[in-house]
Every structure is written in C-alpha cells, then in structure tokens.
Amino acid sequence: MNTTHTSLATSHTLYSLELRSFFLLLVCPFLLFLILLVVKSQSRWCNCAICTAYVTSSWSSNYPNLCDWLTDLLRQSPTHTIHIHVLGNIITANPDNVEHMLKKNFQNYPKGKPFSAILGDLLGQGIFNADGECWHFQRKMAAVELNTASVRNFTAHIVSSEISQRLLPLLDSVAIDNSELPDGEVIDLQDVFRRFAFDVICKVSFGLDPGCLELSLPVSEFAKAFDTASMLSARRGAAAFPFIWRAKRLLNIGSERELKRAIQMVNSLASEVIRQRKNLGFASTHDLLSRFMGSVEDDKYLRDIVISFMLAGRDTVASTLTLFFLQLSKHTRVKESIREEQERIGSCEELSNMHYLQAALYESMRLYPPVQFDSKFCLENDTLADGTFVRKGTRVTYHCYAMGRMEEIWGKDWAEFRPERWIQDDSKFSFFPDSAFKCPIFHAGPRECIGKQMSLMEMKAVVAAVVKRFDIEVVNGNSPKFAPGLTACLSGGLPVRIRRRVQTKQ
C-alpha cells in the first residue's frame, strides 16, 4: 500500500512539473509580448537617435564606455544637458544645474522612491539610499562621530598600521630592482587596493580584522558577494525597461536570482559582523559600528549602516587609488613633484602639508571620479538653471565623469593631467579646491560626503608611502574600460610590476 501511495505521489509530482513547464513555455512568451506592447504604447517609448542607441547599445561600436558616449553627447548639447526618454532621465554636466539640485532647491531633489526600489535590496535604509528623518539621523550621528579627535586618531593609526605592516611588505615581496629587466611578477593593483581598503574599513567601522591583504588568501566571501550585488544593482539602474528586472525578481530567475543569493550572503555576513561586535562589547571602543550600537537596537537598521560604510570606505577609496596610479604611471613629472614635496616636508606623517599630493589626487578624481554619476528624483515640477523643464517624478542625473571633461569648465587643456590647476600659489604650493558644483566628486550641498577628510587622509597616506619606495609600472596602460557597478572599477583590473627605488636601498 505504501509503495502504491509513493508511486501515485511521484506520478502526481512529475505531472505537476510537466504542467508547470508547459505553462512557462507556452504562456510566458505570450505575456512578454503583451508587456512589450504595453511598454511601447507608453509615453517613455522613444525612437529618437539617442534612445535608439541606448536601447540597442549601438554606441559601443565607437566608445569604450557608456560614460564616454554620454560625455560626447553632453559636450554637443548647448546647455550640456540631455534627455534619455526611455529612462525618463535628464542628464546634465552643467555646474549651475548641479548647484540648483544639490543646494538651492535641495528639498525638491531627494533620492526618491524609484531609486530606493532599485538599490533597496542591497542598501536598505542606509545613508546613501535614505531620505527624510532616516537620512538626517544617520548623517547627524556619523558627522558627530567622524569629527571627534578619538575617531580621527583611531583611523590614522589603523591606516598607518595597515600600510606599514601589510601593504608595503606585500609590494616589496613582489618587487624587482629598477636595474632589472621587466620580468618581475605581475600583480593586479586594483585587487591589492580593494583588499587594503576592505581591511581598513572593517577595522575602522566594525573593529574587526578580515585579514584580506594576503595575496595567498582568497577574497572574502563578503567582498565577493558585495561586488556581485553592486554590479547587478547597477544594472537595474541602467535598465531601459525596469519591468524586465522586476519580472525576473518576481519569478526568481536569471540575474535577479543571482542578486538575491549575493544579497543573502551579504546579509548573513553583515549579521555576523554585528553579532561579533556585540559579543566583543562596544561600550568603550572607537569603531563606528560600536558607536551607532549605543543608539540603535534594530539589527536590520545596523545591517544597512554596515553596508553603507562598506560602499563608502572600500569601493571609492580602492577606485581612486587604482586610477591615480594608472595616471601616475603616465606622468613621471607629477610623480617626481610628489617626491620633491616629500623631501621638502621631511616626513610622510605630515600629510596635511602635502598640498601638491592632494592636488594630484583631485586632478585624478576630476578625470576619473570614483562615482561617475549620481541621480535624484524630482518631487514637484521644476525648471533647472539652464531652462530645462523637469516634470514631477523625473530622474535627474549629474554626470561627474562628463563634468571633468568639459572645456567650458576646465579650459582647452581639460584632457591634460595637471595638478597645478588645483594650486592657488605656485611658490607656496597651496591647495585650493574649486567650486564643489564644478567637480562634485565628494557630492556637494547638504549631502556632501561626511567621510571626505578621512578618505583623503587614507589615500594620501597610501600614495606617500608607495611613491617614496616604489615605481609602479602598468603593464597595459591603454584607455580604461570600466566594469558595471556602483563605483568606477576597471574591467580586468590593473596589472602592474613593482620596482624598488634605488634611493630606498640602504
């Protein structure tokens, strides 16, 4: 009898699977056809040259990256503003428009619910994805903590320790002497900086040491899952037809299934970070998570904060350092000027006095910002400074990458890597930043990056230490090609050889 019931149950299961497969094969294509008809009938459907090129990706035959194509379009526009209708997205490289959005009419341009829907699975209600009181609370608390002397000193100690005990020994272990032929070991410098930044942000933000900066060790599961989630979330934002990723999420198939798995991994590991921090105690520690735990009891909220710290502290720093050394490999004059400044100051510890180094970092970020663009959603009908009408609910994007390449902003030598454009007085080498709305690499207005000074300190410390001891030889220094993601990440990494400087051999 039991055998009979088992056989009937098996037959029933197989029948159900066959019926479900038949339904998917027959009905799904029909539903997809209907959806396409609905989408095409909507006002956002457009057959203009820009929208057609975007949807078909025909731009890729002439440009290495989407951001390069958009930059060209923005240059050609008299107002440096364009409209990609299929995305419902106004894109601008006009500093007056950026100031209007980020400062003068700030309340009318929040991140918005559509943006929260795109990144909500990954970022939750973290500071980069939040609006209103949730954003105010996190920003106020983080600003207070980041400005305390104890946190600044704690961060400086962590960065210094990570550089001296891990980064420099790692580079030295694969370095060759300058007199040797170019047959030394090739390493991926982008991978090194991502590991370095991951270790630093985990120590500073969570009080935990993942020990990633060992090339013999695999990249942590958290880091890999975060990279996957970042890449697939970015694809959502670039989708011309959002209904496709929403349908895939509903059916749990394809890229959305992969994204779900990655986010589950991120969530589980973020929960483990919180659990470990609680077990270790947090009443008298300096890491940022411990300080937030004193005011926040909701683990879900803490998880969102953990992910936001990770995005800000790892990806942007690693991206900037990678692209900076790519630039430095092409401009020996700049590298020597940094070394001359070091000799003049006399100590790598005096980072605040290294104005030329800071100018060089800003110049690199002008050309290759770690976050290439940022979007807001218009609450009420508005008109931008250049006269562009913005309908309620429209996505408005300011394009940092394109802004760094505008002749009207930077002059005819915009393509030249020239740190001197950030120097106020050549005789004193005094760093003088231009308007944040011309180069919003750290955002601008009320949402300006509160970790700006901390990240600059970290990046200056790395550059000063590495440049003093090594020459970085990029194996393939062609035009960068970026991988999809929330930050600028080089597709294929940055293969380099490390050479010891003769001056450092005692």
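Cys-449 touches Phe-442 and His-443, leaving aside residues up to four places away in sequence. The model is predicted. Cys-449 sits in the loop between helix 17 (407–410) and helix 18 (452–469). Two other spots follow: a helix pair and a residue in helix 5.

**Cys-449**
- An unreviewed UniProt entry places the feature "binding site" at Cys-449.
- Cys-449 has 33% relative accessibility, so Cys-449 counts as partly exposed; the class lies between the buried limit of 20% and the exposed limit of 50%.

**Helix 14 and helix 15**
- Helix 14 spans residues 332–345, and helix 15 spans residues 355–367.
- Their axes come within 8 Å and cross at roughly 150°.
- Angles over 145 degrees count as roughly antiparallel, and helix 14 and helix 15 are therefore roughly antiparallel to each other.
- On the helix 14 side, the contact involves Arg-333, Val-334, Ser-337, Ile-338 and Glu-341.
- On the helix 15 side, the partners are His-355, Tyr-356, Leu-357 and Ala-360.
- The residues of this contact divide into five nonpolar, two polar and two charged.

**Ile-118**
- Ile-118 lies in helix 5 (residues 112–123).
- Ile-118 has a relative accessible area of 14% and is buried, because buried means under 20%.
- Leaving aside residues up to four places away in sequence, Ile-118 touches Ser-233, Arg-236, Gly-237 and Trp-245.
- Ala-234 is 116 residues from Ile-118 along the chain, yet their C-alpha atoms are separated by 8.2 Å.

Methods. Residues are numbered from 1 along each chain as its sequence is written. This is a predicted model: local features need pLDDT of at least 70, side-chain atom pairs count only at pLDDT 80 or more; totals for chains, interfaces and linings use all residues. Side-chain values use heavy atoms; hydrogens and water are left out. UniProt positions are given in the numbering used here, feature names are shortened, and annotations may be inferred rather than shown by experiment. Helices (H or I, at least four residues) and strands (E, at least two) are DSSP runs, numbered from the N terminus. Buried means under 20% relative accessible area, exposed over 50%, partly exposed in between (1.4 Å probe, protein chains only). Contact means heavy atoms within 4.5 Å. Axes are lines fitted to C-alpha atoms, for helices over the stretch in contact, and angles run from 0 to 180 degrees between N-to-C directions. Angles under 35 degrees count as roughly parallel, over 145 as roughly antiparallel, 65 to 115 as roughly perpendicular and the rest as oblique. Ala, Val, Leu, Ile, Met, Phe, Trp, Tyr, Cys and Pro count as nonpolar, Asp, Glu, Lys and Arg as charged, and the others, Gly among them, as polar.
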